[in-house]
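Reader: I'd like to learn how to read a structure like this one. Could you walk me through some of its features?

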Amino acid sequence: MKTLIKNGRIITAVDDYHADIFIDGETIETIGKNLTMEADKVIDARGKLVIPGGIDAHTHMDMPFGGTTSADDFKTGTLAAAHGGTTTIIDFAIQTKGQSIMEALDIWHKKADGKTAIDYSFHMIVTDLPKTRIPELRKLINNEGVTSFKLFMAYPGVLLVDDATIYRAMSLAGEEGALVCMHAENGVVINEIIERALEKGHTAPKFHALTRPTKAEAEGVNRAIALAEMAESPVYIVHLSSHDALKKVQEARDYGIPAFAETCPQYLFLDYSYYEKENFEGSKYVMTPPLRDKCNQKELWTGLRMNDLQVISTDHCPFCFKEQKELGRDDFTKIPNGGPGVENRMSLVFNGGVKEGRISLNRFVELTSTNAAKIFGLFPRKGTIAVGSDADIVIFDPDKKMTISAKTHHMRVDYSCYEGFDVTGVTETVLSRGKIIIDKGKYVGKEGHGSFLRRSKVDLSTGSPVSLQKQEALARN
Ligand code: URP
Ligand code: ZN
Ligand code: ZN
């Protein structure tokens with residue numbers, strides 16, 4: 001299939017110009033002015049932005065949590081992502097305690113294989129790493145293309161790992177060129193605070209937020225960075241939500257420590273007041289870390305502008321209000337943690353970031369696509385518009401308006417965190433590896449089009465991605 005995209009305004013992390021793009025098969029063949037190649041399909045992108053497909057580096061499809069399972073599976077979740085202009089997700093596979101890491105990976109492959117509308121990759125959540133499992137982790141990185149893993153300082157008894165395990169994993173990551181993604185919150189202290197709240201009969205959703213202070217997040221971030229420094233490894237803080245936590249990342253980066261971090265739309269556009277909603281509606285926003293006081297938002301935007309935060313992902317982890325969030329009607333600790341967002345990210349960030357004058361167009365692309373590709377070993381195959389890159393392209397209408405609603409979204413969840421939000425900037429057409437999968441807002445792709453992406457190791461001290469093949473060739477010589 002040959003496709004010609006004419007007359008668009010191409011925006012990458014660094015470029016902004018008008019040109020045509022010729023796609024032959026899955027990749028971009030030529031970019032130039034007034035291209036005249038024969039094509040099976042010509043798309044007129046006049047007046048539209050032509051941007052790299054979004055990369056959401058943090059999703060949880062089909063994930064067991066809190067006695068239930070996230071409402072989107074790899075079929076519904078990736079279809080919703082495509083509608084919103086995201087062409088790659090990096091989802092989290094989970095190793096349960098005592099389980100082999102390879103077995104966990106296999107389970108997640110089975111969940112996703114043949115079901116996705118867009119390309120996908122995995123991070124591995126490691127919950128159990130005795131020394132005897134180190135070879136398995138090396139295999140994961142070197143043979144399976146899973147070059148990042150997530151560790152939890154929160155959820156004691158379920159996902160939390162101790163500092164020795166964190167140090168062990170980070171040392172290995174540093175040695176191998178892999179990356180530890182850290183859920184940074186002092187879960188042990190938080191559990192103490194929760195116990196005291198429950199003893200006082202504080203069971204409403206708002207107590208989820210009130211028992212998880214920003215200081216607990218900042219302490220986790222501080223410890224994660226210190227451990228990474230000792231282990232001589234980079235570290236990536238996931239879903240950073242507060243100014244207190246951001247200050248720790250800023251301080252480290254000012255000293256030249258390779259600390260990286262993402263935030264999410266919910267922390268940029270929603271705040272603590274949502275927990276005060278009547279009729280248990282506050283449960284819709286029970287996610288970890290919780291929504292913070294509004295004053296944090298301005299600081300997070302500064303962090304995004306100044307590159308102390310490099311990525312905006314969603315932490316998409318939807319649970320329906322009915323029957324799932326309702327599990328915690330009498331006790332906020334039983335509300336499954338997480339919220340939907342994979343479909344809304346690009347429009348929310350464009351509207352709240354670019355339209356409202358907080359970030360440039362180039363920075364928008366960098367935060368929603370390019371930096372994730374670079375940090376997680378997908379660049380330059382993904383995350384840019386360049387000759388030879390995958391033709392993952394979004395034709396984005398910067399002037400079109402939309403009202404976000406659960407009535408019209410494609411995520412398989414019965415509410416939207418952003419219900420009634422008016423946004424300007426809408427995904428119109430989406431190509432995934434050269435195939436049109438969204439055509440003027442309509443899904444025209446097919447289940448199973450998406451491929452698993454083996455990711456490269458990345459040297460985050462220089463920021464240059466080192467491909468697995470190149471590593472292997474170097475090792476052979
Ligand atoms: O509330 C959240 N974030 N649920 C998903 C699990 C996690 O910690 O990312
Ligand atoms: Zn987390
Ligand atoms: Zn998450």
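Predicted model: local features only at pLDDT ≥ 70, side-chain atom pairs only at ≥ 80, totals over all residues.

Reader: How do I read a pocket?

Author: The general idea is that rolling a probe the size of a water molecule over the atoms shows where empty space is left. In this model, the largest pocket has a volume of about 780 Å³. It is lined by 42 residues, and those closest to its centre are Phe65, Gly66, Tyr155, Val158 and Leu159.

Reader: Which element gives the largest share of the lining of the largest pocket?

Author: That's H5, with four residues. Among the elements that give two or more residues to this lining are helix H5 (187-199), helix H2 (101-112) and strand E11 (148-152). By type, the lining of the largest pocket has 20 nonpolar, 17 polar and five charged residues.

Reader: What about the second largest pocket: how many residues line it?

Author: There are 21 lining residues, with His83, Met402, His410, Val426 and Thr427 nearest the centre. The space in the second largest pocket is about 410 Å³. Strand E16 (393-403) and strand E17 (422-432) each supply at least two lining residues, and E16 has the largest share, five residues. The lining of this second pocket divides into four nonpolar, eleven polar and six charged residues.

Reader: Now the metal. Which residues are the protein donors of the zinc ion (ligand 2)?

Author: They are Lys150 through NZ, His183 through ND1 and His239 through NE2, lying 2.1 to 2.2 Å from the ion. Along the chain, the donors of this zinc ion follow the spacing K-x32-H-x55-H. Lysine 150 sits in strand E11 and histidine 183 in strand E12 (residues 179-183), so this pair ties together parts that are 33 residues apart in sequence. Lysine 150 and histidine 183 are both buried. There is also a zinc ion listed as ligand 3, and 4.0 Å separate it from the zinc ion (ligand 2).

Reader: You mentioned His239. What should I look for in its backbone?

Author: Here is the background: most residues other than glycine have a negative phi, and most peptide bonds are trans. Histidine 239 has a positive phi of about 30 degrees, although it is not a glycine. Its place is in the loop between strand E13 (235-237) and H8. With 2% relative accessibility, histidine 239 counts as buried.

Reader: And where are the cis peptide bonds?

Author: One of them joins threonine 288 and proline 289, with omega about -5 degrees. Proline 289 is in the loop between H9 and helix H10 (295-305). Another runs from phenylalanine 379 to proline 380, with omega near 5 degrees. Proline 380 is in the loop between helix H12 (361-375) and E16.

Reader: Last topic: salt bridges. How many does a search of the whole structure find?

Author: In general, side chains of opposite charge can pair when their charged atoms come close. The search finds 32 salt bridges. In one of them, the side chains of lysine 48 and glutamate 428 meet at 3.2 Å, N to O. That pair links distant parts of the chain, 380 residues apart: lysine 48 is in the loop between strand E4 (41-44) and strand E5 (49-52), while glutamate 428 is in strand E17. Lysine 48 is buried, with a relative accessible area of 16%, and glutamate 428 counts as buried at 16% relative accessibility.

Reader: Which residues are linked in a network of salt bridges?

Author: Glu26, Asp119, Arg381, Lys382, Asp390, Asp392 and Arg433 are. Within that set, the side chains of lysine 382 and aspartate 390 meet at 2.8 Å, N to O, and both residues are buried.

Notes
Residues numbered from 1 in each chain as written. Chains lettered and ligands numbered in written order. Heavy atoms only, no water. 1 Å grid on protein atoms, 1.4 Å probe; cavity = no way out; pocket = protein on both sides within 12 Å on 5 of 7 lines; lining within 4 Å. Points joined across faces, edges and corners; volume = space filled by probe spheres on them. Nonpolar A, V, L, I, M, F, W, Y, C, P; charged D, E, K, R; others polar. Donors = N, O, S within 2.8 Å, 3.2 Å for Na, K, Ca; no water. Buried < 20%, exposed > 50% of the residue type's maximum accessible area, 1.4 Å probe, protein only. Salt bridge = Lys/Arg side-chain N within 4 Å of Asp/Glu carboxyl O.
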